[in-house]
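Hi,

Here is the structure I promised to send over.

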Amino acid sequence: MNTWFSTFSANAFMPIQGTEIAGKVDGFYAFLLISSLISSIILIGGMTAFIIQYKRKTATDKTAYITHNTMAEFTWSFIPFVIMMVIFYWGKVIFNELRTMPQAGEEIHVVGVQWAWNFKYKNGIKQYTKDGVTKENKIGNVEKQVMVVPYNKPVKLVMTSNDVIHSFYVPGFRNKQDVIPGRYTAFWFKADKLGEFQVFCTEYCGLQHSQMPATIRVVPEAQYAAWLDSNKPSAASNDGGISEVAQKGIELYENKCRSCHSLDGSRVVGPTWKGIYGAKREFESGASVNADDNYLRESILNPAAKIVKGYPAAMPPYAGQLSDEEIEQLIEYMKTVK
Amino acid sequence: MAHATQSTTIVTSTEDNYLNHEKGIWSWLSTVDHKRIAVMYLISILTFFLVGGIFALLLRGALFNSGENKFWSYITPEVYNQFMSYHGIIMVFMVIVPGIPAVFGNFLLPVMLGAKDVAFPRLNLASYYIYLLGATIAGSTLFLGKIDTGWTFYTPYSIKTSTSVIMAVLGAFTMGMASILTGLNFIVTTHKLRAPGQTMNKIPLFVWAIYATSIIQILATPVLGITLLLLGAERALGVGIFDPNLGGDPVLFQHFFWFYSHPAVYIMVLPAMGIVSELISTFSRKTIFGYTAIAYSSLAIAAVSFLVWGHHMFVSGQSEFAGIMFSVITMLVGVPTAIKLFNWISTMYKGSVRLDAPMLYAIGFLFLFTIGGLTGVWLAATGMDVHFHDTYFVVAHFHYVMVGGTLMAFTGGIFFWFPKFFGKMTNDTLGRISWVFIFTGFNVTFFPQFILGAMGMPRRYFEYHPAYEPLNQISTVGSWLIGFGFLVALAAIIHGLVAGQKASANPWGSKTLEWQAPSPPPHDNFPITPTVTAGPYEYR
């Protein structure tokens, strides 16, 4: 049985904390629990007290004629309002932290498929479901996808789906994010506890929705490096420190992109790729955006959607010509062009 | 002082009432009498409730064990997903959304306003048949291809699944039409058919609640209709609206869907709040505390409910900023809701409280809705919701609101207005026994699910981690208690129909106008149009 379960009971039923943020969420949870208990006691207790105290005695009881009380009504509107604003703000602070991606750290790609998680590392390691194991691959019966990650180091997941919407949920990290076909979503964590953490799919995705367990295994950094090395696909010829995935992007670049996009900052037909990833893009429409995975994906598939200021709308759309995998390789390559 | 000055003369009723005014099955099927239409809705909705309830019991039965070996080998993951979908679709679209407005709204709204009927009686009958047609279309999928999308029809799964999504959404679309027409009818009735002297601040709070609900129905339901048609068009014709392979956006569907379905939560719960206002005032024999606050908070909830749909989508990939904005607006809905709870409890203060079966259900509503409301605040907080989203915590929360809120009020309403509907009393002991089982069973079923959600158990799982098993077994046992409780309630209704004592016009000593009409009311409700001189809760 999983270790993540053993300490459930220790913490008002919340799973074992795997990150620092999980501790913050649990603090917030404790506040909600206590404030809700107090509110319940006031409401349900008051109700019960009135039922007992003002029990009907005769069939013709006279009752007080009280239509309203402005002071009481103001009080029970204002105090809940204040408490709810506190709860909102507290939640927002945690939410911001959950959703603000780290600048540095490991990046692992996650692809949801019906019904498994695929994990892809930059050096070419692919953690795919073995064919036909879905039946054996059930919860509580070991055989799962494993994502090995380093201890105490930020890890960013870039996630997409091959078919329908899935959702990547790690109870121990108190975090989840939907995984959407045709788009990238991101998820991050810095695990500060060694061990294994359960991953569930939490967006209903059909027949085997409950059969998508995976495990995040947190290991010390040295062990992680060793794992990366020993599992690296043998054919990889890694030059210049560029990842295996990005390596494939080079070839695509040479064939399809080079004639219009430079790598050294010079202007050809379209904007240069130098330093493109994360840079601010200003458009003809006046809007602007930082070039992230989703922007780059859109600009490859449907370039006309956002035309960079000062450039012609000359690029042909690549929708239907590049596979999801090839787009990923291109974007990975762009990230390396600095 | 009676609520209606002239009505005292009419209580000496004739034997002619709406039940025996005309005879024969055709006189029922072709009736335009709002009271008969209400009774037909009641029969239909109770039937659908029974079917939805059987699906619920089968679901809980399947979840008794964590593994794939269920109590009945017929229940495979495929069948489980269908049961889960049918339970949701039947209970939401066929029972809880139409429930209180169609049954109690139809029967009581004209009587509470001193009118002879709703504004458009023929349209009212048309609504019923449209509803029935929609239910038939949706129900036909049971025999033609099934449905396994859940009641939410999320794309792109609903585009890819091989089940009969088109028929199901067509059914939901058709029932939506009925909902819009009913809402329209009630709004016009409330504005135009009030008795002389009955100003808007003298109408019962139930009417206010139905009025606010009707506004949401006519504004929000068309959006659902369009969304479902787009989904159908996408499946049938391959237009790329939601399918990313065709350039569509699957998350757009969620925006459209929740733009209706969040206000729909208030379509479900506002009428229940209306019933509870009537019950608490009557059984405390005391004027309602904060009439204006309760009336206007209904409108406030209706208005704000249109601006909070994104709180269903904090982890859907919508922007972080949007999530934060939806979170803060959602908190604002909590304020009028809290006001209502405080008002109802204050109504009992210095009252004369009697715990007949209807009042027990109202108390049950307050108890369960408090828990449902408070946990709603947890889920509205972004940082907390990320953990709870799509876990059993959410399942528990919305059952506390929809079953603990709406169904409690609905059942309480049946026991309360039964004498008015049928001129007979139900057996109060049977009514109370049903409450004990439903209330206890409900908490045994759904409270453990809050804990399961905190522990991280996702919803819509056929198999789950064995560590979640004990709490699931408690939950399943609770579902049997609820099932038994509703059987007792049904027995009380049948017993009342067959052998109930004759009811007087006003057995509970209530002050609203419907109790001034005979039980059951004659075809035209009031022989002479009553004149209203006082408010609906003048207990002095």
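Chain A has six helices and twelve strands. Bear in mind that this is a predicted model. Of the 338 residues in chain A, 38% count as buried. Looking at contacts within chain A between residues at least 6 apart in sequence, 65% join residues at least 24 apart.

On confidence: chain A averages a pLDDT of 85, and 89% of the residues score at least 70. The lowest mean among its elements is 75, in β3(A), while strand β6 (residues 166-170) of chain A has the highest, at 97. Two stretches want some caution. Residues 1-10 of chain A stay under 50, and the model gives them 16 contacts beyond four places in sequence. Residues 130-143 of chain A are also below 50, with 19 contacts in the model beyond near neighbours in sequence.

Between domains 1 and 2 of chain A, twelve residues of domain 1 are in contact with 14 residues of domain 2. On the domain 1 side, helix α1 (residues 20-53) of chain A gives the most, with four residues. By class, that side of domain 1 has seven nonpolar, four polar and one charged residues.

Now the strands. There is an open sheet of five strands in chain A, in the order β3-β2-β1-β5-β8, with mixed pairing. Its edge strands are β3 (126-127) and β8 (185-189) of chain A, each of which pairs on one side only.

I went through β2(A) in some detail. Strand β1 (residues 106-113) of chain A runs antiparallel to strand β2 (residues 116-120) of chain A, and five bridges join them. The two form a hairpin with two residues between them. A:Val113 has A:Ala116 of β2(A) as its bridge partner, and A:Gly112 stands opposite A:Trp117. On its other pairing, β2(A) is antiparallel to β3(A) over two bridges, with A:Phe119 standing opposite A:Gln127 in β3(A). That hairpin has five residues between the strands, and A:Gly124 in the turn has a positive phi of about 100 degrees. As for burial, β2(A) is mostly covered, with four of its five residues buried.

β6(A) is worth a look too: five of its five residues are buried. A:His166, A:Phe168 and A:Val170 point one way from the strand, whereas A:Ser167 and A:Tyr169 point the other way. β6(A) pairs with β7(A) in the antiparallel sense over five bridges, and A:Ser167 has A:Asp178 as its bridge partner in β7(A). Four residues lie between these strands in their hairpin, where A:Arg174 takes a positive phi near 55 degrees. β6(A) also pairs with strand β9 (residues 195-201) of chain A, again antiparallel, over two bridges. In that pairing A:Phe168 stands opposite A:Cys201 in β9(A).

Which elements of chain A supply residues to the side that touches chain B? The contact takes 74 residues from chain A and 74 residues from chain B. α1, α2 (70-99), β6 and β7 (175-179) of chain A each supply at least two residues of the chain A side. α2(A) has the largest share of that side, with 17 residues. By class, the side of chain A that touches chain B has 41 nonpolar, 20 polar and 13 charged residues.

Finally, the cores. The largest nonpolar core has 240 residues, of which B:Val276, B:Phe365 and B:Leu366 touch the most other members. Helix α3 (residues 77-112) of chain B gives the most to this core, with 22 residues. From chain A, the core draws at least three residues from each of domain 1 (3-50 + 70-99) and domain 2 (106-231). Leaving out residues up to four places away in sequence, B:Phe365 touches B:Ala272, B:Val276, B:Gly405, B:Met408, B:Ala409 and B:Gly412.

Best wishes

Notes
Residues numbered from 1 in each chain as written. Chains lettered and ligands numbered in written order. Predicted model: local features only at pLDDT ≥ 70, side-chain atom pairs only at ≥ 80, totals over all residues. Core = buried A, V, L, I, M, F, W, Y, C linked by C-beta atoms within 7 Å. Buried ≥ 20, exposed ≤ 12 C-beta atoms within 10 Å, placed from the backbone. Domains from an automatic or database assignment. Contact = placed C-beta atoms within 7 Å. Pairing = 2+ DSSP bridges. Nonpolar A, V, L, I, M, F, W, Y, C, P; charged D, E, K, R; others polar. pLDDT = per-residue confidence, 0-100.
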